[in-house]
Amino acid sequence: MSLAFKQETFRDDYTFRNSPEAIRRFPFPFPEDQYMYSVNIEPHTAGPKGAVTEFTLDVDEHYVAECRDKAITLEQDPGRCASLPHMMDAEWDFLEFTMESLARDYPEQFNLSKNGKEWTWVNRPLGLEQSFVFGDAATLPMGPFEYMGRQVQGDFVLLDQREDTLFADAGIVTSQADWSLAFNVGMSWHEWHGPVPQVTKLGVMDRALKFLMSLQQANPVRRLNWTMTINPRLDTSPENYPLWGGDRNKVNEQNAGELAHLRVELQTLFRMPRSNAIVFSIRCYLISMEEMATYPRWAKRFHRVLRDLHPDLVEYKGITKYQQAVVAWLSRFDDGADIGIGTQPE
Amino acid sequence: MSQLQVKVAAIDDVSAGVRHFTLVDAHGGELPAFSGGSHIVVTMPAPGRTYRNAYSLLSSPENRAHYEIAVHRQPQSRGGSIYMHEQVKVGSVLDISYPVNLFALSRVAKHHLLIAGGIGITPFMAQIHDLERLGGDYSLHYGFRSREHAAFADALKARVSQRAVCYDESLGQRMDFEALLRAQPLGTHVYACGPQGMVEALVSTARGLGWPEHHIHSEQFLAPPVGEPFTLKLSKSELEITVQGDMSMLEAMEAAGVDAPSLCRGGACGRCELEVLGTDGELQHHDHYLSDADKASGRKIMPCVSRAKCGYLELNL
């Protein structure tokens, strides 16, 4: 498969745009007009062709630009990558998992050759070639987790399983929807999910934890989560709130189509073999309201979801300031017709 | 669930009643790496019924050329261990699950105290590979009935003689759990695997000495006990299934083509938990997963090892 990588930015002049093909494959998350938080975990089975779930890890037209944006964020704040000392086995598991997945699914872009423990990795889009000894971190320019975490789109958290729960004991997090790795590293499952509204009474987190504790190798799972972001900005971290928080006051009924973006997270979870850790991958897909409205079925659906969203979720997702402006912008597409169940575009 | 297909490459008798199987990938490739303490579930297609038993992997987790398991022929076997001993030959092909670890070493422990009884030595055989590789601080205490029951004792002596202490019961050698636990440094995790009585005694001694619950690890795979037949009603599937006395509810559901969730099949992992809607008798819980309060509530059951003494039991599936 040939991939044309775009030159674009996710900060300052915000030149990020989706091609028509990228819009077509956008992981639109709303099968119904009403949204309520749920576990919505399903097997991460490969396919269909062209979808963001076609392969284990999705590489798309934004790959090079996203990796560059990640490097900028890490340079400004090295604390966005952290790993506790007992996670070294999990780091190597992560390196092997990402290298093998990319080389298998995108052979034109990536190559991995092994001679016993002597491995050579080639990343053509980023122009990297690295020979190293698997298991010997001194043969890499940085820790194995950071090395490959910089070469895959999205954020990654490594979860250590002990004491009947999961601990977020390593992470590389540069495109998060307003949560902090520095704050969350080392936390247990219920600690880091503490702020999510409307879920304690549903028992959602207990059931999800129980499910993930018995996650098996070769049987990964996924779910979609979503929020909104003003401007196509990946780094909406609390640390950099002054750089993006104010943009939320600039949205009005006229510019909402351009400024407001639906931010969908494809969350996937994989059991690692040597460490028994779980890789939690959070891949962010952005789409502006204008891009979304090229498929009016999606604009209708999102208009209804956003208009009727539970006030607690409006607050939690940080949408309060511009919810009405976006609803007003989207309303022109909504004739009120029944569009049935399903996330597909026209 | 994804499965692996393996071929039996070698069979050895390692001690009285214990057979050691070496398994290679049936298609000639590498097997997945795993972490010490993992088990696999072996599917045994016996005539008329299928057995699925969990066995700990005892080979080095880094060795992806083959897996090793050891199977103790259970005197009161329902058929699984007898099948492994009598039907499985060199060259036999078996379906196994990917490795699952319900007995993982804590990676934040300061010291690891490993307590094995009899065939319970198997998960530790793999764990000490991981501990040696990671430079972990540990000691292994291994009790067995007599020399002829001492599976792998010579191999352990050769590999890690400084770390391993053996106890031959026939010579009057016994572990003193209380003395052993009292002598451990702060931050020690204890791991027990072996006969039920040994594991329960170790766990209750540790609790009695005030050990933190999360520092006490144990693993026992239970075989489903034999009981009386009864009728299983599945409300969502609108099915009625007869559970024979020597079958578990899970096996009966699978034989009827019901897609029931399961993982370890030995009452340990919790994956197969089902909601009880009603019964005209009493539940017989045998698992290690549900809390005493859950068991007393009569609302939950683990169909892999538990059953009911009743005419019918209705589940929400």
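**Reading strands, helices and contacts**

Mentor: Strand 4 (residues 118–123) of chain A and strand 5 (residues 128–133) of chain A pair in the antiparallel sense over six bridges. Strands are DSSP runs of E of at least two residues, helices are runs of H or I of at least four, and both are numbered from the N terminus; two strands pair if DSSP finds at least two bridges between them. This is a predicted model, where local features need pLDDT of at least 70 and side-chain atom pairs count only at pLDDT 80 or more, while totals for chains, interfaces and linings use all residues. Residues are numbered from 1 along each chain as its sequence is written, and chains are lettered from A and ligands numbered from 1 in the order in which they are written.

Trainee: Which residue of strand 5 of chain A is the bridge partner of N123(A)?

Mentor: That is L128(A). Four residues lie between the strands of this hairpin, and G127(A) takes a positive phi near 70 degrees there.

Trainee: How do I read the strand order of the open sheet in chain B?

Mentor: In a regular strand the side chains alternate between the two faces of the sheet. Here five strands run in the order 10-9-8-11-12 with parallel pairing. Strand 10 (164–168) and strand 12 (216–219) of chain B each have a single partner strand, so one side of each has no neighbour in the sheet. From one strand to the next, the twist averages 15 degrees, with angles taken from 0 to 180 degrees between N-to-C directions of lines fitted to C-alpha atoms, for helices over the stretch in contact.

Trainee: What packs on that sheet?

Mentor: Helix 3 (residues 153–160) of chain B does, touching strand 9 and strand 10 of chain B. Contact means C-beta atoms, placed from the backbone, within 7 Å. The helix direction makes about 155 degrees with that of strand 10 of chain B.

Terms used:
Contact = placed C-beta atoms within 7 Å.
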